[in-house]
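Please open the structure in your viewer and keep the sequence panel beside it. This tour goes from stop to stop, telling you what to select and what is there.

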Amino acid sequence: MKKFFKIGCLGFIGLIVLGVIGSMLSSNDKPADTAVSKPASTAQKETKEEVKLAGIGDELKVGDVVFKVNKVSTKNEIKEGQILSYKPSSDGSVFLVVNATLKNEGKQMITTDSSFFQLKKGEVTYAPTTMISVSNKIFMYDGINPGLSQTGNVVFEIPEDLNDFELSVQTGFWGTEQGQIKINY
């Protein structure tokens, strides 16, 4: 009796698995026009917000923050006063310095940091280089009150032979709102 019960349970589980696999295969074989679904444009808007795109010198509003890239340059060395000096740590790399202005159009103070920025080249993402700044030219946990703006630099270490990036900007620590700025230099 126990053997019959084991075989019966395994057979029942096997039938369920075969039923699930069969339904998955049959749903893939159905023509697209017979399936009941929302229009593609509506479904895409619900799953992914439209990414905003701007260029150098353009203002890009993301949430309550307006981002503007003023200029972009490359450097082999960055000097901070007479004491600090930074050079790229990898062979064949340079610093890409992005000078940007952020304006707070919200109702509360925001705290900005270089982590609000990422540099993208296709599927590759570059994080900002961490630097200590005595001249306050680098975004580093700075507060911006409502209606005010602040200009600073974000520095990335990149391969010296690359060009044409997209700067991904975000608001808030979690990056709930994002936009893209095309970087050509």
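**Before you start**

This is a predicted model, in which local features need pLDDT of at least 70 and side-chain atom pairs count only at pLDDT 80 or more, while totals for chains, interfaces and linings use all residues. Residues are numbered from 1 along each chain as its sequence is written, and side-chain values use heavy atoms, with hydrogens and water left out.

**Stop 1: the whole chain**

Colour the chain by pLDDT, which is the predictor's confidence in each residue, from 0 to 100. The mean for the protein chain is 78, and 68% of its residues reach 70 or more. Now select residues 27-48, where pLDDT stays under 50 and the model has 1 contact beyond four places in sequence; a contact means heavy atoms within 4.5 Å. Where pLDDT is low, the predicted coordinates should not be read in detail.

Switch to a cartoon view, and you can look for 2 helices and 13 strands; these are DSSP runs, numbered from the N terminus, with helices being H or I of at least four residues and strands being E of at least two. Of the 185 residues of the protein chain, 32% count as buried, where buried means under 20% relative accessible area, exposed means over 50% and partly exposed lies in between (1.4 Å probe, protein chains only). Among contacts with a separation of 6 or more, 67% are between residues 24 or more positions apart.

**Stop 2: strand β3 and its partners**

Select residues 59-62, which form strand β2, together with residues 65-75, which form strand β3: the two run antiparallel and are joined by 4 bridges. Two strands pair if DSSP finds at least two bridges between them. Within this pairing, Leu-60 stands opposite Phe-67 of β3. The hairpin has 2 residues between the strands, and Gly-63 there takes a positive phi near 65°.

Val-62 is buried, with a relative accessible area of 1%.

**Stop 3: two pairs of rings**

How many aromatic pairs does a search of the whole structure find? There are 2; rings of Phe, Tyr and Trp (its six-membered ring) pair if their centres lie within 6.5 Å, and planes under 30 degrees apart count as stacked, over 60 as edge-to-face and the rest as tilted. Show the side chains of Phe-67 and Phe-117, whose ring centres are 6.0 Å apart and whose planes stand at 90°, so this pair is edge-to-face. Phe-67 belongs to β3 and Phe-117 to strand β8 (residues 117-121), so the pair ties together parts that are 50 residues apart in sequence. Both of these residues, Phe-67 and Phe-117, are buried.

Next show Tyr-126 and Phe-165, an edge-to-face pair with 6.0 Å from centre to centre and 85° between the planes. Tyr-126 is in strand β9 (residues 124-126) and Phe-165 in strand β12 (residues 165-171), 39 residues apart. Tyr-126 counts as buried at 16% relative accessibility, and Phe-165 is buried with a relative accessible area of 0%.

**Stop 4: the nonpolar core**

A nonpolar core is a set of buried Ala, Val, Leu, Ile, Met, Phe, Trp, Tyr and Cys residues joined through side-chain atoms within 4.5 Å. The largest one has 27 residues, and those with the most contacts inside it are Phe-117, Phe-156, Leu-167 and Ile-181. Its largest share, 5 residues, comes from β6. Select Leu-167 and show what it touches beyond four places in sequence, including Val-69, Val-98, Phe-117, Phe-156 and Ile-181.

**Stop 5: two loops**

Select Ser-114, in the loop between β7 (110-112) and β8. Ser-114 counts as buried at 16% relative accessibility, and beyond four places in sequence it touches Pro-128, Phe-139 and Val-154.

Finish at Asp-164, in the loop between β11 and β12. Asp-164 is partly exposed, with a relative accessible area of 39%, and has a positive phi of about 55° although it is not a glycine. Most residues other than glycine have a negative phi.
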